[in-house]
Amino acid sequence: MVEKSARRMTVWQREGAPRRFRIALGFSPDGDKGRQGDGRTPEGIFRIDRLNRQSAYHLSLGLDYPQKRHRDAARRGGYDPGGDIMIHGQPNQVPDGYRVKGDWTAGCIALTNAEIEEIFAHAALGTEVEIRP
């Protein structure tokens, strides 16, 4: 579960206490994602639909955004809903151990490299991810 206003992601494990992570969001995080380039992180229930070891960021877990409702709204409005929403680590070009400050993604959810490595090792396709305001 991602709580945008708290900049927090909680991951439940089969065994052990839930893990909580501090996150960064899109550069304009308030509100639901509406279109390509708005800098917002989408809200709703999504599923992990791909695991990418060759990401431009240190590992990434793809979410199934845009969904049918997003594509339909974009078609009606005549705009691009955007895509490639991920949970990922830091940009590959920054030094190991560095954390980009503030909300800096184009709409993704960013963690430290060590954190995404931990989550990536246990992530499964189809895992539900709820993103709350």
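## Leu111 and its neighbours

Leaving aside residues within four places in sequence, Leu111 is in contact (heavy atoms within 4.5 Å) with Met9, Phe21, Arg22, Ile23, Ile87, His88, Gly89, Gln90, Ile116 and Ile119. You can find Leu111 in the loop between strand S7 (109–110) and helix H2 (113–122); helices (H or I, at least four residues) and strands (E, at least two) are DSSP runs, numbered from the N terminus.

Before we go on, a word about the model: it is predicted, so local features need pLDDT of at least 70 and side-chain atom pairs count only at pLDDT 80 or more, while totals for chains, interfaces and linings use all residues. Residues are numbered from 1 along each chain as its sequence is written, and side-chain values use heavy atoms, with hydrogens and water left out.

Is Leu111 buried or exposed? Leu111 has a relative accessible area of 0%, so it is buried (buried means under 20% relative accessible area, exposed over 50%, partly exposed in between, with a 1.4 Å probe and protein chains only).

Leu111 also belongs to the largest nonpolar core, which has 21 residues; Met9, Leu61, Leu63, Ile87 and Leu111 touch the most other members. Such a core is a set of buried Ala, Val, Leu, Ile, Met, Phe, Trp, Tyr and Cys residues joined through side-chain atoms within 4.5 Å. At least two residues of this core come from each of strand S4 (44–52), strand S5 (60–63), H2 and strand S8 (128–132). H2 gives the most, with three residues. In soluble globular proteins, nonpolar side chains tend to be buried together.

## Salt bridges

How many salt bridges are there? The count comes to eleven, where a salt bridge is a side-chain nitrogen of Lys or Arg within 4 Å of a carboxyl oxygen of Asp or Glu. In one of them, the side chains of Glu43 and Lys4 meet at 2.9 Å, N to O. Glu43 lies in the loop between S3 and S4, and Lys4 in the loop between strand S1 (2–3) and S2, so this pair ties together parts that are 39 residues apart in sequence. Both Glu43 and Lys4 are buried.

Asp84 and Arg50 form another salt bridge (3.3 Å, N to O). This pair links distant parts of the chain, 34 residues apart: Asp84 is in the loop between helix H1 (68–77) and strand S6 (86–88), and Arg50 is in strand S4. Asp84 is exposed, with a relative accessible area of 53%, whereas Arg50, at 27%, counts as partly exposed.
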